[in-house]
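Please keep the sequence and the 3D view at hand as you read.

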Amino acid sequence: MTDHLDWLALVAASLSWLVAWRLCHPRSFWYALGYPLTALRVRATWRKVALGCGLTKKRQRFWFTTVPGLIASTGVVQVKRRWQRISVDTKPWMWLPLPTRHGWRVTLHLLEGQIPADYSEAAERLAHSWGAHAVRVSSDKPGRLRLHVTMRDPLVKLDNLPASPDLLKITVGALETGRPWVIDFRTVPHWLNAGATQSGKSNLANALIVGLAPQPVALVGFDLKGGVEFTPYKSRLSALATSRPECTGLLDDLLGIMTDRMDLCRMAGARNIWQLPPYMRPTPIVVLVDELAELYLMADKSEKDDIAKTSTALLRVAQLGRAFGIYLFCCGQRIGSDLGPGVTALRAQCSGRVCHRVNDPETATMTLGDLDPAALDSARAIPAETPGVAIVAGQDGQWYRARSHYVSEATAEHSAQTFAHLTPAWEDLINPNPVADPAPKGA
Ligand SMILES: Nc1ncnc2c1ncn2[C@@H]1O[C@H](COP(=O)(O)OP(=O)(O)OP(=O)(O)O)[C@@H](O)[C@H]1O
Ligand SMILES: [Mg+2]
């Protein structure tokens, strides 16, 4: 009896020790215990899972089978063994699953006639079979495919924005894979950031402001919400437009700056400002636009010419800005073709796409373009309780579910004030000296 009690106490102590380990240090628990058990289970059940998810193919194989033979004089059926050609379900070849921070990944060899889209379609089925949060599919080689499995949603809470030391390369959040979500303006110069109201668009703009404020860049705001979003960050903005006439003036200035930079590059024999020697290189400018649609909405016909002018100027900035260090980050609830041809052309120039929660499928399609249909479904499935979650396309041509780090207005305002001395004066950007833009005001 006491032996049994001892055993029970030992089992209970071990279990509570395991639970405590998992709660206190989930990462080491996952690598030491969770992952090996999961890998064994996944390998052991792969045939059944592949069959259930419709990922197997029928193939003819020689199989050693038992068939009824003659009936012996005793009445017992004599069973004969022989090789027979029969049809079997073949599963895709699976390598050993490898652990990742939030789950595991595995490489598969596609069976004949299969394409990665077959696996994207089955992703939800696979996730349920493995008890995982999500399964994403990628393929970097013909005939091969990688499944990225996340066991728990890593985007539940993100409120610790890391520093971004590299110029114009800002870590704004985390991807579902656990890797950082980076907006790199030098790789993808122009971005569209769409989503329904309260979906987290301004929070993402705040994260960008906090990341860019300590860097030697000029920030420009177009705030068509009457200035309520960007006015608190005015101390770090080189220019801010809050009405349509101000926007028109500011866009004219930006076109002027672009023309000056074109001349500078031509004279120096450079194709873009990054090929200029550092002492000649003008300050990069990041243009943040909130409520883009307001730039295109017409109250009456008298505004038609104004809108056409603004739209053309913005499009020119987008078309030529990249080479001359002018980058766009446009936010809006709807960035659709119903706003006019100018918006469609602008959208085509913005290769970085961020789609927060949307209310209608058209907005997701307009923002993410003809990306994988699974991305559009994911965008529509973002719940209202998780503001900041978005589907991101860009950098590597793939799409990811991601979430921005929570950055309150107070944090962004504090950052803007702390680095106010780094703000280049707008007049100095418009009229640069012949060699380079002057030092930031107050520096
Ligand atoms: N990543 C995040 N984590 C936690 N909370 C967030 C996150 N992003 C946004 N929020 C919260 O969601 C709310 C709405 O965010 P935000 O103002 O950025 O939405 P929006 O899309 O700009 O809305 P609107 O269209 O009305 O301007 C805010 O209260 C903000 O605190
Ligand atoms: Mg907003």
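Val19 sits in helix α1; helices here are DSSP runs of H or I with at least four residues, strands are runs of E with at least two, and both are numbered from the N terminus. This is a predicted model, in which local features need pLDDT of at least 70, side-chain atom pairs count only at pLDDT 80 or more, and totals for chains, interfaces and linings use all residues. Residues are numbered from 1 along each chain as its sequence is written, and chains are lettered from A and ligands numbered from 1 in the order in which they are written.

Is Val19 buried or exposed? Val19 is exposed, because 11 other C-beta atoms lie within 10 Å. The cut-offs are 20 or more such atoms for buried, 12 or fewer for exposed, and partly exposed in between, with C-beta atoms placed from the backbone. Of the 23 residues of α1, the number buried is 0, so this helix lies largely in the open. Its length fits too: at 1.5 Å a residue, helix α1 (residues 2-24) should span 33 Å, and its end C-alpha atoms are 32 Å apart, which agrees. The expected span is 1.5 Å times one less than the number of residues. Val19 and Phe29 are 10 residues apart along the chain, and their C-alpha atoms are separated by 9.5 Å.

Most residues other than glycine have a negative phi.

Helix α7 (residues 304-321) packs with helix α8 (residues 341-349) at an angle of about 10°, their axes being 9 Å apart. Axes are lines fitted to C-alpha atoms, for helices over the stretch in contact, and angles run from 0 to 180 degrees between N-to-C directions. The two helices, α7 and α8, are therefore roughly parallel to each other, a term for angles under 35 degrees. On the α7 side, the contact is made by Ser311, Leu314, Leu315, Ala318 and Gln319, and on the α8 side by Gly342, Ala345, Leu346 and Gln349; two residues are in contact if their C-beta atoms, placed from the backbone, lie within 7 Å.

How values were computed
Parallel < 35°, antiparallel > 145°, perpendicular 65-115°, else oblique.
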